[in-house]
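Look over the model below before reading on.

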Amino acid sequence: MTIYIEYALFSNAVFDFILLRSLGAIMKISFSKTRLWLAVLSGALTAGAVPLFNLGVVLSVAGKLALAAAIVAIFARYGGKKRFAAALMLFWGLTFAMGGVLFGLYFMTGASFAVNADLSLSSDSALPLFAAGILCFAFLTKKLAAYICGRRMSASFVYDVTMTLGGKRYSVKGYLDSGNSLTSDGLPVIIATSGRMRNAVARQAAEDLLGGRARYAEYSTLAGGTRKMPVVECDDITVGGRRLNALVGAAGKTTAAFGCEVLLGAWMDTDGGEK
């Protein structure tokens, strides 16, 4: 099989472009077009030149690992040892993942597939199959980047919450719900979502009712009506390291957000409720 140099350079450039864009999306790396294309061209030209020297497997591996480090350094700059190491490991992982996708596609279609001594790929398959593998990898990495970024965004709205309720201390995760503006007697209301926390609120509310200390927070329903939610006062509550003066309520079954047991409110962005 004859491999023309322009095809080798083009395929390596496409590989590096997709890998670097995937790396940037997953790690939220800000980059310029100049650095992106400089890294792509450097990788393509160097990778295209490696087979000309017949270095063998060991030297080829070492050379390509060093090339990957250079490409990542050009693309992402050097932002510290840990970040650079994370970016480099992810780049290597994405490279192997792309190879795995292509290998799987060739294997399933029965097309010829061979890895040469210099770690280059040769096949007599049609170009559409090769392009399909690249597109498949790009689609998967796009979904992966969206998932990771979504998890990061969700995590930024999650707080550590500790509270003492009915003489018992609870350590839970609280989710900042900007739609929760519920207050009672001028105090913000935290809404219990898990069964454990709803039961704790219900027990304390029952004791308050028997002692003549029952308190309620009025809220609107989707049907346009209003209902009253029993709320109780905590002996001590800390949210994200801030001591707060807040109430806790439970309005039937509420869907927990991202595994959190309580819903915080928009007042977390202000000093509302802070002692």
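## Confidence

pLDDT is the predictor's confidence in each residue, on a scale from 0 to 100. This is a predicted model, so local features are given only at pLDDT of at least 70 and side-chain atom pairs only at pLDDT 80 or more, while totals for chains, interfaces and linings use all residues. Residues are numbered from 1 along each chain as its sequence is written, and side-chain values use heavy atoms, with hydrogens and water left out.

The protein averages a pLDDT of 76. Of its residues, 73% score at least 70. Confidence is lowest in strand 1 (residues 114-115), at a mean of 51. It is highest in strand 11, at 90. Over residues 115-120, pLDDT stays under 50. For that stretch the model has 12 contacts beyond four places in sequence. A contact means heavy atoms within 4.5 Å.

## Overall build

The protein has six helices and 12 strands. Both are DSSP runs, numbered from the N terminus: helices are H or I with at least four residues, strands are E with at least two.

The protein has 275 residues, and 37% of them are buried. Buried means under 20% relative accessible area, exposed means over 50%, and partly exposed lies in between (1.4 Å probe, protein chains only). The accessible surface comes to about 15,700 Å². Carbon and sulfur atoms hold 63% of that surface. Take the contacts between residues at least 6 apart in sequence: 69% of them join residues at least 24 apart.

## Strand 8 and its partners

Two strands pair if DSSP finds at least two bridges between them. Strand 7 (residues 215-220) and strand 8 (residues 226-233) run antiparallel, joined by six bridges. Glu218 has Lys228 in strand 8 as its bridge partner. Five residues lie between the strands in this hairpin. There, Gly224 takes a positive phi near 100°.

Strand 8 also pairs with strand 11 (residues 247-249). This pairing is antiparallel too, over three bridges. Val231 has its bridge partner, Gly249, in strand 11.

## A loop residue: Asp235

Where is Asp235 placed? Asp235 sits in the loop between strand 8 and strand 9 (236-239). Is Asp235 buried or exposed? Asp235 counts as exposed because its relative accessibility is 54%.

Beyond its neighbours within four places in sequence, Asp235 is in contact with Thr164 and Gly167. Asp235 and Thr164 are 71 residues apart in sequence. In space, they are 5.4 Å apart, C-alpha to C-alpha.

Technical notes:
Accessible areas come from the Shrake-Rupley method with a 1.4 Å probe; for residues, only the protein chains shown count as cover.
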